[in-house]
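This briefing goes through one protein model by topic. Please keep the sequence and the coordinates open while reading.

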Amino acid sequence: MDLLLTLRLAAVLAPGALVAWLAALLLTLSAGSPTATVLLRTLLTAVILVLLTRLVMRGAYDGPGLVGRAALAGLLAYLVSPAAWAGRALLGQLLVDPGPASYAIDLVVWVALVAIAARTAAVRAPAVAPAPYRLG
């Protein structure tokens, strides 16, 4: 997975997670339950992270460091995600008040989801170098 694919994965994950976050917010707005909002937001965001990661990873060639680069893309996507800036990206705010601790919890969960999805994605076989020409 080259740098371009890493950046493409990060560029897809951040807006995808934001759309899932907003959809969950709009769906649970009338319920008036912050817990339901956080749980649905976490569930939808996790599904989007896994699906988009697996979709983008289909274009990657298998090789060493593939999961690490996907995790780097997940980290970049988390850093540019507006919901993450407030510590409200995933379920961290259910465990602690929104802030640095929930930010750290959400970061670990986010990157773990992306890494696991990248590990289980069906990637292409590595490109085989042509055999050298031999005489006789």
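**Overview**

The protein has 6 helices and 0 strands. The model is a predicted one. Read from the N terminus, its elements follow the order α-α-α-α-α-α.

**Burial, contacts and surface**

- The protein has 136 residues, and 36% of them count as buried.
- Of the contacts between residues at least 6 apart in sequence, 71% join residues at least 24 apart.
- The accessible surface amounts to about 7,700 Å². Carbon and sulfur atoms account for 73% of that surface.

**Nonpolar core**

- The largest nonpolar core contains 24 residues. Those with the most contacts inside it are Leu9, Leu13, Met57, Ala89, Trp110 and Val114.
- At least two residues of this core come from each of α1 (3-28), α2 (34-57), α3 (66-80), α4 (82-85) and α6 (100-120).
- The helix that gives the most to this core is α1, with 7 residues.
- In soluble globular proteins, nonpolar side chains tend to be buried together.

**Contacts of Trp110**

- Leaving out residues up to four places away in sequence, Trp110 touches Ala17, Thr45, Leu49, Gly74, Ala77, Tyr78, Ser81, Ala89 and Leu90.
- One of these partners, Ala89, is also listed with Trp110 among the residues with the most contacts inside the largest nonpolar core.

**Helix α2**

- Helix α2 has 24 residues, and its first and last C-alpha atoms are 34 Å apart. This is close to the 34 Å expected at 1.5 Å a residue.
- The buried residues in α2 are Thr37, Val38, Arg41, Thr42, Thr45, Ala46, Leu49, Leu52, Thr53, Val56 and Met57.
- The cover over the buried residues of α2 includes α1, α3, α5 (92-95) and α6.
- Two of the buried α2 residues, Thr45 and Leu49, are in contact with Trp110.

**Tyr78**

- Tyr78 lies in helix α3.
- Tyr78 counts as buried because its relative accessibility is 0%, and the cut-off for buried is under 20%.
- Tyr78 and Leu107 are 29 residues apart along the chain, and their C-alpha atoms are separated by 6.9 Å.

Technical notes:
Residues numbered from 1 in each chain as written. Predicted model: local features only at pLDDT ≥ 70, side-chain atom pairs only at ≥ 80, totals over all residues. Heavy atoms only, no water. Helix = DSSP H or I, 4+ residues; strand = E, 2+ residues; numbered from the N terminus. Buried < 20%, exposed > 50% of the residue type's maximum accessible area, 1.4 Å probe, protein only. Contact = heavy atoms within 4.5 Å. Areas by Shrake-Rupley, 256 points an atom, 1.4 Å probe, with all protein chains shown as cover. Core = buried A, V, L, I, M, F, W, Y, C linked by side-chain atoms within 4.5 Å. Expected span 1.5 Å × (residues − 1).
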